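These are my notebook entries on a structure that I looked up.

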There are 6 protein chains.
Amino acid sequence: MPIITVDAAKITKENKAKLITSLTKTASEITSIPESSFTVLIKEFPVENWGIGGEPLEEIIKKMNPK
Amino acid sequence: MPIITVDAAKITKENKAKLITSLTKTASEITSIPESSFTVLIKEFPVENWGIGGEPLEEIIKKMNPK
Amino acid sequence: MPIITVDAAKITKENKAKLITSLTKTASEITSIPESSFTVLIKEFPVENWGIGGEPLEEIIKKMNPK
Amino acid sequence: MPIITVDAAKITKENKAKLITSLTKTASEITSIPESSFTVLIKEFPVENWGIGGEPLEEIIKKMNPK
Amino acid sequence: MPIITVDAAKITKENKAKLITSLTKTASEITSIPESSFTVLIKEFPVENWGIGGEPLEEIIKKMNPK
Amino acid sequence: MPIITVDAAKITKENKAKLITSLTKTASEITSIPESSFTVLIKEFPVENWGIGGEPLEEIIKKMNPK
């Protein structure tokens with residue numbers, strides 16, 4: 001019954017499947033709760049909806065990748 | 001002030017309205033908190049963002065509905 | 001696989017069991033998703049952690065129940 | 001490391017940036033936790049996914065703005 | 001109807017009240033949504049439940065405050 | 001900036017640290033997002049607050065472990 005939620009920006013479909021499989025396996029091994037009891041839910045939000053340290057993530061990314 | 005959140009895949013607009021009305025009514029009757037204090041928020045995420053038992057829900061659905 | 005979360009203040013154990021049973025039944029009937037697929041999670045937070053309309057809920061309750 | 005989440009309906013990009021900056025500043029000043037430790041995440045959900053007092057928000061808005 | 005959630009570690013009761021008042025005021029001014037529509041919910045989790053950059057926050061704090 | 005949240009029942013302190021380290025490592029390898037950008041937050045809720053398939057988890061556990 002544990003629920004693993006990943007809040008992130010865009011994730012590819014292939015990586016979603018990998019996250020579901022691997023995060024469940026990892027958490028199941030540590031907690032000894034069977035894999036069958038886990039739910040994984042990936043929540044994608046646009047980059048412009050995120051802020052880190054009081055600054056929009058979009059601005060931070062722009063600064064890191066100047067033209 | 002209680003908040004009822006429903007994380008699900010796609011839900012029709014008609015069913016959203018029904019969920020809002022019925023979940024509020026049900027929870028209000030049980031807790032004796034007036035309906036007017038409740039917020040319901042329905043959060044839809046694509047099927048590919050869900051995993052059950054370490055397996056992508058999309059795969060599970062395909063297996064259940066083989067062509 | 002839908003997850004129904006109830007964020008509230010203190011709820012009695014008896015009412016928790018009722019919420020689990022009734023909210024699942026209600027949501028299952030509306031969505032035609034089988035009851036067995038639902039998870040309910042009740043999250044309790046102290047009254048002092050809630051604010052409504054910019055005012056601590058604790059203050060609001062005090063005003064409604066003056067000595 | 002505190003996370004400020006804003007669940008709302010549609011928010012303009014300009015207001016998202018303002019919320020990120022201002023909510024972080026406000027919370028940092030109150031808690032004395034440095035701004036750099038904060039994450040802000042704005043989650044937008046359609047109006048039809050919200051219910052207040054057991055009534056779809058869409059209906060409430062319509063009543064407030066009758067033609 | 002917007003909901004502002006603050007996930008944090010321990011917060012004093014006095015600061016909870018300040019966060020409720022100030023975050024609501026700040027978000028209301030930016031979005032032009034009336035303060036009365038906002039809910040604030042502060043969720044406290046122990047330091048040992050937090051990890052930053054793959055490291056338990058408890059360890060990070062210890063390193064920053066060596067005896 | 002991704003946030004990995006684990007909603008579960010009681011987890012030992014040792015396992016919390018392991019989850020923080022391993023879930024971050026796993027998700028970082030899959031997404032190529034650096035570990036330093038991840039936050040992990042473990043949220044523990046009592047068994048009586050969980051329901052699976054419309055039944056309180058506490059009842060389910062009792063049936064699985066009859067005296």
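I began with terms: two strands pair if DSSP finds at least two bridges between them. Helices (H or I, at least four residues) and strands (E, at least two) are DSSP runs, numbered from the N terminus.

I noted that this is a predicted model, in which local features need pLDDT of at least 70, side-chain atom pairs count only at pLDDT 80 or more, and totals for chains, interfaces and linings use all residues. Residues are numbered from 1 along each chain as its sequence is written, chains are lettered from A and ligands numbered from 1 in the order in which they are written, and side-chain values use heavy atoms, with hydrogens and water left out.

**Entry 1: the sheet.** I found an open sheet of eight strands with mixed pairing, in the order β4(D)-β3(D)-β2(B)-β1(B)-β1(C)-β2(C)-β3(F)-β4(F). At the edges stand β4 (55-56) of chain D and β4 (55-56) of chain F, each with a single partner strand, so one side of each has no neighbour in the sheet.

I then examined where chains C and F join. Strand β2 (residues 39-44) of chain C runs antiparallel to strand β3 (residues 50-52) of chain F, and three bridges join them. C:L41 has F:W50 as its bridge partner in β3(F).

**Entry 2: the helices.** Which helices pack against each other, and at what angle? I found helix α1 (residues 13-31) of chain B packed with α1(C) at about 160 degrees, their axes 10 Å apart. Axes are lines fitted to C-alpha atoms, for helices over the stretch in contact, and angles run from 0 to 180 degrees between N-to-C directions.

By class, the contact of α1(B) with α1(C) has eight nonpolar, eight polar and two charged residues. Ala, Val, Leu, Ile, Met, Phe, Trp, Tyr, Cys and Pro count as nonpolar, Asp, Glu, Lys and Arg as charged, and the others, Gly among them, as polar.

I also looked up helix α1 (residues 13-31) of chain D and helix α1 (residues 13-31) of chain E, whose axes come within 10 Å and cross at roughly 160 degrees. This makes α1(D) roughly antiparallel to α1(E).

Note on methods
Angles under 35 degrees count as roughly parallel, over 145 as roughly antiparallel, 65 to 115 as roughly perpendicular and the rest as oblique.
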